[in-house]
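Subject: Structure handover

Hello,

Here is the structure we spoke about, handed over for your own work. My notes on what was found in it follow below.

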Amino acid sequence: MNTNKLLRLFRPFIRPSSSGCGVTAMKTTQHLSLSPMGCFDKQSRCIHGTQMVQGKAYSNKEIPSTYDRYVFPEPPQLVSEQEHETVLAKVNECIASPDVGRLFAVVVVSGTQYKVTEDDLIQVVGKLPLEIGERIRLEKVLLVGGSEFTLVGRPIVRRDLVKIEATIVEKAPGVDKVIQRFRARKRFDRKYLYTPQHTVLRINSIQTFPQV
């Protein structure tokens with residue numbers, strides 16, 4: 001191997017000497033191994049030397065990555081038992097107050113979430129196996145609240161905290177929908193008529209109980 005190839009090979013690790021003649025090898029912290037092809041490994045070349053990052057000198061093994069720049073938030077401090085009891089007492093007081101305001105809730109009916117208040121009408125897609133005029137209780141309550149409080153379920157609010165009753169008002173078919181199946185250059189064209197069924201519910205009452 002001639003001198004030019006050696007200088008080109010060791011160029012990242014040599015610098016001119018102070019006397020102006022010749023070269024001096026730079027000190028490295030780890031031993032550099034040669035690959036079978038006679039050149040330095042890319043991985044070995046990457047782990048040597050230093051680099052300035054925001055005014056600080058890091059070795060290449062310690063350079064912070066993109067994930068290191070994210071600062072994780074500190075976890076909230078735990079509430080003492082006394083503070084916990086104080087909050088529960090305040091929530092129970094708000095629930096039992098006559099000035100609780102108009103209650104609202106988020107319920108799940110037939111796989112769909114609805115935000116409801118008293119005397120609301122909701123249209124549920126699907127034909128529920130219930131008779132018109134039948135009174136039911138909605139069990140899947142995700143959230144209930146008033147003007148001064150809000151109870152959030154994990155995932156649903158306990159049954160002894162809220163009671164929502166509804167009445168089946170109407171069961172009727174919806175608007176017809178045309179479903180078309182078409183395949184190009186196959187002489188395949190089919191059209192189907194689909195009529196969805198709807199059930200209308202009226203929310204009769206929303207009640208909360210101070211048993212948090």
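**Salt bridges and their surroundings**

Lys 163 counts as partly exposed, at 26% relative accessibility. Please keep in mind throughout that this is a predicted model. Lys 163 forms a salt bridge with Glu 165, and the closest N and O atoms of the two are 3.3 Å apart. Glu 165 is buried, because its relative accessible area of 16% falls under the 20% cut-off. Through salt bridges that share partners, Arg 135, Lys 163 and Glu 165 are joined into one network.

In total the structure holds four salt bridges. Another of them is formed by Glu 139 and Arg 159, where the closest N and O atoms are 3.0 Å apart. This pair links distant parts of the chain, 20 residues apart. Glu 139 is in the loop between strand E8 (135-138) and strand E9 (141-145), while Arg 159 is in the loop between strand E10 (150-152) and strand E11 (162-173). Glu 139 is partly exposed, with a relative accessible area of 38%. Arg 159 has a relative accessible area of 52%, so it counts as exposed, the cut-off being over 50%.

Asp 160 and Arg 158 form a salt bridge as well, with 3.1 Å between the closest N and O atoms. Asp 160 is partly exposed at 34% relative accessibility, and Arg 158 is partly exposed with a relative accessible area of 44%.

**Rings and the nonpolar patch**

How many aromatic pairs does the structure hold? The count is zero. Charged side chains do sit over rings, however. Lys 115 lies over the face of Phe 104, at 5.4 Å from the ring centre. Arg 183 lies over the face of Phe 188, at 4.6 Å from the ring centre.

A nonpolar patch on the surface is formed by Ile 179, Tyr 192 and Tyr 194, which together have about 290 Å² of accessible area. Of these residues, Tyr 194 is placed in strand E13 (residues 188-194). Tyr 194 is partly exposed, at 43% relative accessibility.

Thr 117 belongs to strand E6 (residues 112-117). Is Thr 117 buried or exposed? With a relative accessible area of 16%, Thr 117 is buried. Leaving out residues up to four places away in sequence, Thr 117 touches Arg 102, Leu 103, Phe 104, Ile 203 and Ile 206. Phe 104 is also the ring that has Lys 115 over its face.

Asn 204 is in strand E14 (residues 197-208), and it counts as buried at 18% relative accessibility. Beyond its neighbours within four places in sequence, Asn 204 is in contact with Glu 118, Asp 119, Arg 135, Glu 165, Ala 166 and Thr 167. Among these contacts, Arg 135 and Glu 165 are members of the salt-bridge network that includes Lys 163. The C-alpha atoms of Asn 204 and Ile 136 are separated by 9.8 Å, with the two residues 68 residues apart along the chain.

Pro 210 lies in the segment after E14. Pro 210 is partly exposed, with a relative accessible area of 40%. Residues up to four places away in sequence aside, Pro 210 touches Asn 92, Ile 95 and Ala 96. Pro 210 and Val 162 are 48 residues apart along the chain, and their C-alpha atoms are separated by 9.3 Å.

**The protein overall**

The secondary structure comes to three helices and 14 strands. The protein has 212 residues, of which 25% count as buried; Thr 117, Glu 165 and Asn 204 are among the buried ones. The protein exposes about 16600 Å², and carbon and sulfur atoms supply 53% of that area. Among contacts between residues at least 6 apart in sequence, 59% join residues at least 24 apart.

Regards

Definitions and conventions: Residues numbered from 1 in each chain as written. Predicted model: local features only at pLDDT ≥ 70, side-chain atom pairs only at ≥ 80, totals over all residues. Heavy atoms only, no water. Salt bridge = Lys/Arg side-chain N within 4 Å of Asp/Glu carboxyl O. Helix = DSSP H or I, 4+ residues; strand = E, 2+ residues; numbered from the N terminus. Buried < 20%, exposed > 50% of the residue type's maximum accessible area, 1.4 Å probe, protein only. Phe/Tyr/Trp six-rings, centres within 6.5 Å; stacked < 30°, edge-to-face > 60°. Lys NZ or Arg CZ within 6 Å of the ring centre and 35° of its normal. Patch = residues over 30% accessible without salt bridge, like charges linked within 9 Å, V, L, I, M, F, W, Y side chains within 5 Å. Areas by Shrake-Rupley, 256 points an atom, 1.4 Å probe, with all protein chains shown as cover. Contact = heavy atoms within 4.5 Å.
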